[in-house]
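Visitor: Please take one part of this model, the surroundings of the ligand, and look at it closely. Then set that part in the context of the rest of the chain.

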Amino acid sequence: EAQRSGQHSEDIASPKRTKDLLQKHGLTLKKSLGQNFLIDHNILGKIIGAAELDSTKGALEIGPGIGALTQQLAKAAGHVVAVEIDQRLLPLLEETLGGYPHATVIHGDVLKVDLKQLFAEHFQGVSRVSVVANLPYYVTTPIIMKLLEEKLPLENIVVMIQKEVAERMAAKPGGKDYGSLSIAVQYYCEPEIVTIVPHTVFVPQPNVDSAVIRLKVREKPRVEVEDEAFFFEVVQASFTQRRKTIYNNLAARFFTKETKEQLEPILREAGIEPSRRGETLSIEEYAVLSRRLSQALKLGV
Ligand code: SAM
C-alpha cells in the first residue's frame, strides 16, 4: 500500500527487518559476493552526510544489497542508480525501493558495466554525481581504479571499505601504508577517512575492520605528467621490492647491467638520492622522476 501511494516503504536497516526480508525471499547471503549488509542508521547517516548530496545531484551505488543505503540515497539525491550483481536480490529490491521513484536498479557486474553509457543514460539532468556505496571488499581496488581511470565526471566517492585499505589510500609518504595504491588514489583525489566502523553494524559481521572514506575527486590530477601510463609504471616499479632502494628497483625494471650506470645521474637530476626507498617519495617527486626517466629512455640510454 505504501508503495502504491508513493510513500517510502519502511526503513529496513535493522537486524530484524534484514533477516525477515531475506527469509521472506528465501535468500541466504553469499560470502563470495562480499554480502555484509548495513543494519545501523547512525552509520548510514554518516555515509550520506559525507557525500554532500542534494536534490540537484546524482548518486551511483555499487551493490545495493537489500536497499538500506539506497533508500537513504533516494531521499538525499535527485536520482540514484544502483548496480547489483546478484540477480536473486532484484525482486527484494523491487519491494524495498517500490516507494522510491528516484531509484533505478540495474542488474550487472560493475566491473563490466559501461559506466560512460550509464552516466549518459541516467545522469543527464543532474549537476554532479557521487559514488556512494558499502563496497564488496573482494573487489574494492578494481572498482575504485575503474571509477578513477575512466575519468567519470564525479564529485565524491564515499565508500565503506576495509580499514587497512582506507589507510593505504590515505597514507602520506614515509610509512608502511604508503604505496602505489596511495599514489594512484591521491593522483586523482583528496582522500579523507570519515570514520572507523565496528563489525557490529553489519549482518553478517565481516572478520576485518572497516572504515568510511571520502575521495574528493580533483578537477585536475594532482601533478601534470606527460605519459600517465609511464608515470604509474615508474611508481609500480619503485615498490616492486619495498626494502630495496629506488635505484635498485628502477635499475631492475628499466636498465641492463650495461646501462644501469646511467640511472644515478637521472635520479640526481630529479633531486632524488639513489639510496632512498620508494615509500619516501612524494607524488611530485614521482612526476619529476618519470619525466626525466622517460626522456632519458627515449634518448636511448
Ligand atoms: N549496500 C548494501 C548495504 O550496505 O547493506 C549491501 C553492501 S554489500 C557489502 C555489497 C553488495 O555488492 C552486495 O549486495 C553484493 O551482491 C554486491 N556486489 C558484489 N560484487 C559486485 C559487482 N561486481 N558488481 C555489482 N555489485 C556487486
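**The ligand shell and the sheet**

Guide: Of the 22 residues around the ligand, those that come nearest are F37, G63, G65, N134 and P136; a residue counts as near a molecule or strand if its C-beta atom, placed from the backbone, lies within 6 Å of it. This is a predicted model, in which local features need pLDDT of at least 70 and side-chain atom pairs count only at pLDDT 80 or more, while totals for chains, interfaces and linings use all residues. Residues are numbered from 1 along each chain as its sequence is written.

By type, the shell holds 13 nonpolar, six polar and three charged residues. Here Ala, Val, Leu, Ile, Met, Phe, Trp, Tyr, Cys and Pro count as nonpolar, Asp, Glu, Lys and Arg as charged, and the others, Gly among them, as polar. At least two shell residues each come from β1 (37–38), α3 (68–76) and β3 (79–84). Helices (H or I, at least four residues) and strands (E, at least two) are DSSP runs, numbered from the N terminus.

β3 also belongs to an open sheet of seven strands, ordered β4-β3-β2-β5-β6-β9-β7, with mixed pairing; two strands pair if DSSP finds at least two bridges between them. At the edges stand β4 (103–107) and β7 (189–197), each with a single partner strand, so one side of each has no neighbour in the sheet. From one strand to the next, the twist averages 20°. Within the sheet, β2 (residues 58–62) and β5 (residues 129–134) run parallel and are joined by three bridges. L60 has V131 in β5 as its bridge partner.

Helix α7 (residues 163–170) lies across β6 (154–162), β7 and β9 (210–217), at about 30° to β9. Helix α8 (residues 180–188) lies across β7 and β9, and runs at about 115° to β7. Axes are lines fitted to C-alpha atoms, for helices over the stretch in contact (C-beta atoms, placed from the backbone, within 7 Å), and angles run from 0 to 180 degrees between N-to-C directions.

Two backbone details sit in loops. V203 and P204 are joined by a cis peptide bond, with omega about -15°, and P204 is in the loop between β8 (202–203) and β9. E52, in the loop between α2 (41–51) and β2, has a phi near 50°, a positive value in a residue other than glycine.

As for confidence, the chain averages a pLDDT of 94, and 96% of the residues score at least 70; pLDDT is the predictor's confidence in each residue, from 0 to 100. Over residues 1–7 the pLDDT is below 50. For the complex, the predictor gives an ipTM of 0.99 and a pTM of 0.94.

Terms used:
Contact = placed C-beta atoms within 7 Å.
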